Amino acid sequence: MIQVEELHKSFENLEVLRGVSLSIEKGEVLSLMGMSGYGKSVLLKHIAGLMKPDRGRILIDGEEVTSLGGGRLERLRSRLGFLFQGGALFDSLTIGENVAFPLKEKTALNACEIRERVRYELEQVGLTAAENKYPAQVSGGMIKRAALARALVRDPEIMLFDEPTTGLDPIIGRAILTLIASCHRRLNFTGIIVTHQIPQVFEVVNRAAFLHEGRIRMAGSPEAMMTSEDPVVRQFISGSVDGPIRY
């Protein structure tokens with residue numbers, strides 16, 4: 001479904017991606033791990049067509065994303081849902097209106113159909129009672145669930161999750177990951193989750209990849225990552241501060 005080939009991206013004199021290559025199968029959910037500031041979110045934005053690489057290419061279902069523009073890029077984005085790190089809800093809209101927004105902007109559904117779709121997605125994430133509340137009136141965990149409902153309301157084939165558990169306590173963070181797993185079973189999307197909630201994320205993904213110094217240092221099953229002998233991968237996953245920091 002997603003093929004990243006030798007992707008390079010620099011910002012001024014800082015080279016963030018230095019030849020990233022990665023493949024993700026249809027229906028697979030992959031955890032993208034790595035130190036903060038090492039380019040995980042940048043890679044997601046390239047896959048979504050929000051950034052253009054300096055070199056390399058990205059293919060989705062065999063179509064090169066990096067060369068698309070105009071209507072073709074818009075059609076690609078219609079197949080994709082993006083859960084931003086902070087939720088990115090509109091403060092001036094209610095939870096229900098936030099979830100309805102992409103349907104009103106990007107589909108020809110009538111008001112009744114939109115209302116039914118919104119209520120269904122809110123029910124799936126346990127937010128039926130919050131439909132008429134504003135983001136400022138609900139908790140951080142509820143904001144993440146509302147943002148997830150908005151990202152899923154158009155039944156995307158691909159879902160990109162940028163730090164869905166950031167700012168949440170461990171219990172709520174685990175609940176969000178469990179909710180993502182439930183949504184994946186329902187929709188069978190192809191997904192990438194960027195998160196530092198390890199090892200909990202390994203319970204909901206098929207595979208993991210470790211981004212280090214602008215390249216994929218290791219990719220494999222959760223079990224392979226947990227038992228890796230690579231000192232950088234092992235230190236990151238264990239969170240150990242014994243000895244020098246390797247990443």
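The largest share of the lining of the largest pocket, 4 residues, is contributed by helix α3. In this predicted model, local features require pLDDT of at least 70, side-chain atom pairs count only at pLDDT 80 or more, and totals for chains, interfaces and linings use all residues. Residues are numbered from 1 along each chain as its sequence is written, and side-chain values use heavy atoms, with hydrogens and water left out. Helices (H or I, at least four residues) and strands (E, at least two) are DSSP runs numbered from the N terminus. A pocket is defined on a 1 Å grid over the protein atoms alone, as an open set of points where a 1.4 Å probe fits, with protein on both sides within 12 Å along at least five of seven lines; lining residues have an atom within 4 Å of a point.

The volume of the largest pocket is about 590 Å³, where a volume is the space filled by probe spheres set on grid points joined across faces, edges and corners. Its lining comprises 19 residues, and Arg77, Leu80, Phe82, Phe84 and Pro102 lie nearest the centre. Two or more lining residues come from each of α2 (70–77), β6, α3 (95–106) and α5. By class, the lining of the largest pocket contains 11 nonpolar, 2 polar and 6 charged residues; Ala, Val, Leu, Ile, Met, Phe, Trp, Tyr, Cys and Pro count as nonpolar, Asp, Glu, Lys and Arg as charged, and the others, Gly among them, as polar.

Strand β6 also belongs to an open sheet of 6 strands, ordered β6-β7-β8-β3-β9-β10 with mixed pairing. Two strands are taken to pair if DSSP finds at least two bridges between them. Because β6 (80–83) and β10 (215–220) each have a single partner strand, they form the edges, and one side of each lacks a neighbour in the sheet. From one strand to the next, the twist averages 15°. The pairing of β6 with β7 (residues 158–162) is parallel and spans 4 bridges, and Leu83 has Phe161 in β7 as its bridge partner. Helix α5 (residues 140–152) lies across β6 and β7 and runs at about 170° to β6. Such angles run from 0 to 180 degrees between N-to-C directions, with axes fitted as lines to C-alpha atoms, for helices over the stretch in contact; contact means heavy atoms within 4.5 Å.

A further open sheet has 4 strands in the order β2-β1-β4-β5, with antiparallel pairing. Its edges are β2 and β5 (63–64), each with a single partner strand, so one side of each is left without a neighbour in the sheet. Helix α1 (residues 40–47) packs on this sheet, touching β1, β2 and β4, and its direction makes about 120° with that of β1.

Strands β1 (residues 2–11) and β2 (residues 14–24) are antiparallel and joined over 8 bridges. Ile2 is opposite Ile24 in β2, while the bridge partner of Phe11 in β2 is Leu14. The hairpin of β1 and β2 has 2 residues between the strands, and Glu12 takes a positive phi near 55°. Strand β1 is also linked to β4 (residues 55–60), in the antiparallel sense, by 5 bridges. In β4, Ile58 stands opposite Val4 and Arg55 stands opposite His8. Pairing between β4 and β5 is antiparallel over 2 bridges, with Glu63 in β5 as the bridge partner of Ile60. The hairpin of β4 and β5 likewise has 2 residues between the strands, and Asp61 takes a positive phi near 55°.

Overall, the protein has 8 helices and 10 strands. Its radius of gyration is 18 Å, close to the 18 Å that the globule rule gives for 247 residues, so the protein is as compact as a globular protein of that length. The radius is taken over C-alpha atoms, and the rule is 2.2 Å times the number of residues to the power 0.38. Along the principal axes, the C-alpha atoms fill a box of roughly 55 × 40 × 35 Å.
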